[in-house]
Each structure stands twice: as C-alpha cells, then as structure tokens.
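Welcome! Let us take a walk through this structure together, from its overall plan down to a few individual residues.

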Amino acid sequence: MVIAQLATGTGTASLSFEYRYKLNIIITDYADSEDAIMVPLLAWVQLHQRDLLDNPDLCKSGIGFDVDYNNHESIDIAITLALTERVVVKQAGAARLEVQHLAEPQMTTGYTDAFWQAYTGESLLAEWHTPANPE
C-alpha cells in the first residue's frame, strides 16, 4: 500500500520533480524470524534507496515498523519506507517534453552477487535475487 504520495518541484524553471511517498508493507500471521524479512529488505534499500541508510535525518525516520503479537506463534508486522523517485523533464524539440525516471545512484556494495541466502546458524531465513542492473 502506498500512502501520502506527493510530488515536489526542484525550485528551478525546469518541470523536473521528485515523487515522495510512504510505502506501507503489511505482513500478517507471520510465524518466522523477523530477520528473514529485515535482511532482504535492507539489501533492497541499500541498492534502490541508499539515502535511507546514508542520510542521518532519514536514518531516524525513513524505515519504521510496528509489531503486533497475535499469540505465542505469530505476529503482524507493518513496515513503512519513505521512498523517493527522481523525474527529469527536459525540452526535446518544439512543443515536446522528454520525461525520464532516474535510477538511484549505484554504489558498489558487498551485496552485489546475483543470488543471496541469509542464515541463522544452519537455518535458512531468506533467499533473494539482486539484479546486476537494477534499472
């Protein structure tokens, strides 16, 4: 679920802007380790929304979660991510505008292999694929 979506301008004469929105992920009746959710989520954030980890202000509020205990076996987890998407709008000839959604700046991380598995001891928590070109 996406909540509170809005667009902000760049403060220039350009029509370029940035989408800013909160993504709300709800997982119900979850009976496994929270690490199986958080480790792949942080790997995705590191690749696609790096500023949530690098910006001191966003580190405080960019990733949040709530946990409700249903019983001794399962929980409900609500995760909120403050996401952005940059959009460049350029004039491309007479009466024509070119709109381009920019990819996130890519830093080389230690997590760039194509396929990952996260373990606690011998117990497999999660598996995920990291594309070589995230665009």
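This is a predicted model: local features need pLDDT of at least 70, side-chain atom pairs count only at pLDDT 80 or more; totals for chains, interfaces and linings use all residues.

The chain has 3 helices and 7 strands. Of the 135 residues in the chain, 27% are buried. The accessible surface amounts to about 9,200 Å², and carbon and sulfur atoms account for 53% of that surface. Contacts also reach along the sequence: taking those between residues at least 6 apart, 48% link residues that are at least 24 apart.

Now for the inside. In soluble globular proteins, nonpolar side chains tend to be buried together. Here, the largest nonpolar core contains 19 residues, and Y30, I77, I79 and L81 have the most contacts inside it. Which elements each supply at least two residues of this core? They are β2 (17-30), α1 (35-48), β4 (75-91) and β7 (123-129).

Leaving aside residues up to four places away in sequence, I79 touches L23, N24, I25 and I27, along with I37, M38, L41, G64 and F65.

Finally, have a look at the aromatic rings. A search of the whole structure turns up 1 aromatic pair. This pair joins F17 and Y19 in an edge-to-face arrangement, with 5.0 Å from centre to centre and 85 degrees between the planes. Is Y19 buried or partly exposed? Y19 counts as partly exposed because its relative accessible area is 24%, while buried would require under 20%.

Terms used:
Residues are numbered from 1 along each chain as its sequence is written. Side-chain values use heavy atoms; hydrogens and water are left out. Helices (H or I, at least four residues) and strands (E, at least two) are DSSP runs, numbered from the N terminus. Buried means under 20% relative accessible area, exposed over 50%, partly exposed in between (1.4 Å probe, protein chains only). Contact means heavy atoms within 4.5 Å. Accessible areas come from the Shrake-Rupley method with a 1.4 Å probe; for residues, only the protein chains shown count as cover. Rings of Phe, Tyr and Trp (its six-membered ring) pair if their centres lie within 6.5 Å; planes under 30 degrees apart count as stacked, over 60 as edge-to-face and the rest as tilted. A nonpolar core is a set of buried Ala, Val, Leu, Ile, Met, Phe, Trp, Tyr and Cys residues joined through side-chain atoms within 4.5 Å.
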